[in-house]
Amino acid sequence: MTTIKEQEKIQEQFKERMDEDELLNCMRCGFCLPTCPTYIESGFKESQSPRGRIALMKAVVDGLIEPDAEFERSLELCLGCRACEPVCPSGVNYGHLLEDARDIINQNKQHSLPARVVRKTVFQGLFPHPNRMRGAVGLLGFYQRSGIQTLARKIGFLGLLPDSLATMEKILPKVPTMKEMKNRPDYLPAIAEKVHRVAFFSGCLMDTMFLKTNDATMKLLQLAGCEVVIPESQVCCGALHGHSGEKQTAKELAKKNIIAFEELDVDFIITNAGGCGAFLVDYDHLLQDDPEWKGRAKTFAEKVKDISEVLVAVDFHKKVKMELPPQVITYQDSCHLRNVMKTAAAPRVLLQAIAGVKYKEMVDADRCCGSAGIYNIVESEMSMVMLDYKMKQAKETHATTIVTANPGCLLQMQLGIEREGLSSKIRGVHIVDLLAQAVKQD
Amino acid sequence: MLANEVKEQLIAIVTKANFDDSKTERLVYSYDATPNFQSMPDAVISPRNTTEVTEILKVCNQHQVPIVPRGSGTNLCAGTCPTEGGIVLLFKQMNRILEIDEENLTVTVQPGVITLDMINAVEKRGLFYPPDPSSMKISTIGGNINENSGGLRGLKYGVTRDYVMALEVVLPNGDVIRTGGKLAKDVAGYDLTRLFVGSEGTLGVITEATLKLIPMPETKKTMLALYQDLNAAAKSVSAIIANKIIPTTLEFLDQPTLKVVEEFSQIGLPTNVQAVLLIEQDGPPEVVERDLIRMAEICKQEQAVSIQIAASEAEAEALRTARRAALSAIARLKPTTILEDATVPRSEIAKMVQAINEIAEKYQLEICTFGHAGDGNLHPTCATDARNHEEMERVEQAFAEIFAKAIDLGGTITGEHGVGAMKAPYLEWKLKAEGIAAMKAIKLAFDPQNIMNPGKVFAKDSKKRVVITR
């Protein structure tokens with residue numbers, strides 16, 4: 001609960017810090033409403049729509065309402081999927097408004113003690129430090145390998161967790177060993193004729209829990225004629241912080257990354273996680289008030305590309321033969337890849353180039369699956385509503401492989417498959433893993 | 001604030017879950033798509049059926065609580081802004097398609113149905129509902145009926161009014177009436193159906209509607225005619241009609257509009273020309289082909305610099321979608337977009353376009369013009385900033401002059417957006433005092449307590465008609 005005093009402070013900061021032009025830029029036409037998952041799933045509540053949320057932010061700035069619990073709730077329930085942005089004819093940067101609003105709220109309110117501890121551990125203690133990330137994921141590996149997992153499942157300990165968390169425990173990938181996580185390459189030559197020199201943004205979750213996907217990504221880049229540099233000094237992209245109202249830490253991380261990449265003389269900075277990529281391409285906005293960093297951030301941001309864009313641009317799908325056993329596949333967009341990085345066609349082009357498989361587009365593939373960073377943990381109920389809808393659409397396609405392009409989405413798909421009891425029939429897979437499999441068979 | 005007694009009675013009708021008077025919920029229903037109008041309601045209520053609507057109206061009538069029926073709040077005349085407080089009535093739970101009758105070619109719906117959802121549902125059966133307001137992806141049928149919405153296909157097929165066959169309406173006293181029917185002919189008494197269409201929620205609450213459908217046209221083709229001269233584009237419109245061709249769509253977009261729309265849609269719209277006509281014809285293939293060739297010839301005679309025919313339905317749909325985004329896209333220029341809806345007889349369209357440009361120049365304003373030129377219905381839109389009071393005054397003066405010019409040309413102050421609170425001060429210019437008196441008498445007969453959307457259509461003070469020197 002925010003106290004009255006905290007509310008006053010929040011209101012004051014809204015007046016000072018919220019971008020009034022951006023708020024006014026929303027002319028309330030309502031074109032965003034039909035694309036907003038929370039508007040639809042809440043039974044068409046305006047307070048759960050982008051237009052409503054912007055009106056609420058503006059009302060706090062204008063002093064029409066106080067930033068009370070209900071106001072906060074409206075912003076909390078937003079997935080931050082940004083599906084409202086591409087359809088906004090006025091071009092309102094909703095994501096930026098949301099980030100600023102959340103930052104103001106979180107920096108000015110006293111969280112409950114457990115929330116404080118968790119936030120501090122995760123945002124400051126864990127994600128910014130690659131070593132500790134490896135340690136934490138390593139613990140999970142120990143849990144999986146040591147027999148504790150088997151034991152915990154047997155004695156029903158997991159029954160104490162909420163349903164979605166208990167299921168989540170089952171679908172977490174087998175994590176690599178500490179040795180594998182520490183022993184990472186920093187340079188890989190092009191395998192085909194060299195067309196680009198690129199840098200790889202390895203990401204914190206991707207380079208630990210999803211290490212194999214990172215390996216596959218770099219392999220594909222090499223096969224596509226890219227020389228790959230992987231700077232060791234890179235850190236977490238800061239997306240998690242930015243979306244959760246920890247903007248200051250996000251800025252510090254951004255600066256570290258800019259330094260890590262700016263001297264590399266590369267054509268592109270490649271990511272394989274829509275969530276990270278979308279935050280990286282926004283670095284110039286994040287650092288816009290910092291004259292020393294703004295220009296450097298822009299140079300950085302302009303180079304950021306999703307792997308699928310680069311593969312299509314170099315005609316990978318035409319040059320390299322890809323084939324898989326007969327199966328129906330479908331693609332679930334990563335919201336940030338689609339709505340922020342504007343990458344929607346490239347993954348589909350690549351998937352449709354795989355011989356032997358039938359690609360079937362699912363209805364509303366561009367609607368959020370409910371993963372949304374840590375949304376599926378903190379807003380489990382709404383997240384599961386989103387997921388159920390998603391699984392319904394996925395099942396309609398009769399696909400046995402659901403492809404995604406972001407680790408959060410991938411885990412959510414696997415969670416959905418598990419919840420539906422379909423784990424023996426359907427698999428969720430990251431696009432680069434599927435492409436790598438398809439290439440290997442050649 | 002609602003009296004406790006009223007609040008309790010309303011909760012008893014709809015249950016607690018469907019009544020909300022928290023500040024957050026009231027705030028998000030304090031506006032619609034009209035700039036510069038915002039006013040908090042006292043509560044927001046979501047009835048589930050006609051009976052609940054009836055009970056709500058009885059309570060409100062007894063206690064003189066204003067009621068504002070609201071669809072998705074996309075109207076452009078401040079028609080659903082609760083300017084006098086009271087209750088906002090939502091139809092999100094009354095959003096079912098009740099029946100598609102293929103023998104009588106009708107569809108019966110509840111008011112909360114999204115327009116496009118209904119269009120898609122009937123098109124699956126090979127049937128066609130032509131009214132297509134630009135907001136149709138989110139607008140509701142109830143809202144369309146209350147505002148008598150138009151759209152891109154209005155030229156050939158007419159507007160919402162032409163498709164409403166029957167209504168169920170709850171009157172402020174709680175009476176439920178049914179007007180019209182699935183009838184091609186029906187002269188039993190006054191045509192109340194037509195009276196309620198476009199009544200902006202000021203007479204009663206529509207709780208069910210039966211709409212006319214027609215068979216889907218066989219084919220459809222779309223083209224763009226490009227001009228370096230605004231006047232030439234406007235003249236082409238009248239020339240096409242004078243040549244006895246009625247296309248489905250005949251839309252006009254000037255260069256400033258084209259630029260912002262292209263910035264949003266990025267589909268390769270021409271931005272190096274002064275104006276574009278978006279022309280569409282549907283029907284049997286041979287007729288569509290013939291009309292398209294003839295219209296292309298007419299446009300060329302009227303100095304079109306080039307004609308582009310859409311290669312596929314996807315390309316045509318991209319053009320229509322881009323056109324529908326025009327108004328909101330103009331907000332890219334400046335934060336506030338004030339748009340008007342002046343309509344003139346088709347023969348006068350060139351004069352109106354010219355007058356708009358002269359007025360824009362006179363008041364030093366940035367006015368983008370687009371609209372349903374074939375209907376004589378233009379949307380001159382001023383990109384401005386509500387915080388700049390001096391400029392806002394000039395905007396108001398300019399629009400007053402545009403209204404006056406439209407009326408002088410035999411036109412009207414609003415073709416399809418409605419009067420609402422926004423144009424109420426200008427209504428008398430069009431209707432004269434006697435016309436207003438006649439309408440007020442109707443309003444009084446249905447709603448003696450003035451609880452239905454008060455403050456709309458009829459203004460407390462009418463604007464003084466400006467005298468045009470030209």
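Predicted model: local features only at pLDDT ≥ 70, side-chain atom pairs only at ≥ 80, totals over all residues.
At what angle do the axes of helix H1 and helix H3 of chain B cross, and within what distance do they come?

**Entry 1: two helices of chain B**

I took H1(B), residues 4-14, and H3(B), residues 50-63, and found axes that come within 9 Å and cross at roughly 170°. Angles over 145 degrees count as roughly antiparallel, so I noted H1(B) as roughly antiparallel to H3(B). Next I listed who makes the contact. From H1(B) I have Val6(B), Gln9(B), Leu10(B), Ile13(B) and Val14(B). From H3(B) come Glu52(B), Glu55(B), Ile56(B), Val59(B) and His63(B). Sorted by class, this contact has six nonpolar, two polar and two charged residues.

**Entry 2: the seven-stranded sheet of chain B**

I then traced a sheet in chain B. It is open, has seven strands in the order S15-S12-S14-S13-S17-S18-S16, and pairs antiparallel. Which strands stand at its edges? They are S15(B), residues 304-309, and S16(B); each has a single partner strand, so one side of each lacks a neighbour in the sheet. From one strand to the next I get an average twist of 20°.

At the S15(B) end, I checked the pairing with S12(B), residues 219-227: five bridges, in the antiparallel sense. Leu226(B) is the residue I found opposite Ser306(B) of S15(B). I also looked for helices on this sheet, and H13(B), residues 349-362, packs on it. H13(B) touches S17(B), residues 367-372, and S18(B), and its direction makes about 160° with that of S17(B).

S16(B) covers residues 336-339, and I wanted to know which way its residues point. Thr336(B) and Ile338(B) point one way, Thr337(B) and Leu339(B) the other, and I logged all of them as buried. The partner strand is S18(B), residues 377-384, which runs antiparallel to S16(B) and is joined to it by four bridges. In one of these pairings, Leu339(B) has Thr381(B) as its bridge partner.

**Entry 3: helix H14(B)**

Which strands does H14(B) lie across? I found this helix, residues 389-408, across S16(B) and S18(B), running at about 170° to S18(B). I checked its span too: 20 residues reach 29 Å from first C-alpha to last, close to the 28 Å expected at 1.5 Å a residue.

For burial, I wrote down Val395(B), Ala398(B), Phe399(B), Ala400(B), Ile402(B), Phe403(B), Ala404(B), Lys405(B) and Ala406(B) as buried in H14(B). One charged residue sits in that list, Lys405(B). What do these buried residues pack against? I get S16(B), S18(B), H13(B) and helix H15(B), residues 427-446. Just past the end of H14(B), I noted that Gly410(B) takes a positive phi of about 85°.

**Entry 4: the four-stranded sheet of chain A**

Over to chain A, where I found an open sheet of four strands in the order S7-S6-S8-S9, with parallel pairing. The edges are S7(A), residues 355-359, and S9(A), residues 427-430; each has a single partner strand, so one side of each is left without a neighbour. Neighbouring strands are turned by 35° against each other on average, direction ignored.

I went through the pairs one by one. S6(A) and S7(A) pair in the parallel sense over four bridges, and Glu323(A) has Ala355(A) of S7(A) as its bridge partner. S6(A) also pairs with S8(A), parallel again, over three bridges, with Ile329(A) partnered by Thr401(A) in S8(A). S8(A), residues 401-404, then pairs with S9(A) over four bridges, in the parallel sense. There I found Val403(A) opposite Val429(A) of S9(A).

Which helix lies across three of these strands? H21(A), residues 345-352, does: it lies across S6(A), residues 323-331, S7(A) and S8(A), at about 150° to S6(A).

**Entry 5: where the chains meet**

Last, I counted the contact between the chains: 27 residues from chain B and 27 residues from chain A. On the chain B side, the elements giving two or more residues are H2(B), residues 23-27, and H12(B), residues 326-330. H2(B) gives the most, with four residues.

Conventions
Residues numbered from 1 in each chain as written. Chains lettered and ligands numbered in written order. Pairing = 2+ DSSP bridges. Axes fitted to C-alpha atoms, helices over the stretch in contact; angles between N-to-C directions. Contact = placed C-beta atoms within 7 Å. Parallel < 35°, antiparallel > 145°, perpendicular 65-115°, else oblique. Buried ≥ 20, exposed ≤ 12 C-beta atoms within 10 Å, placed from the backbone. Expected span 1.5 Å × (residues − 1).
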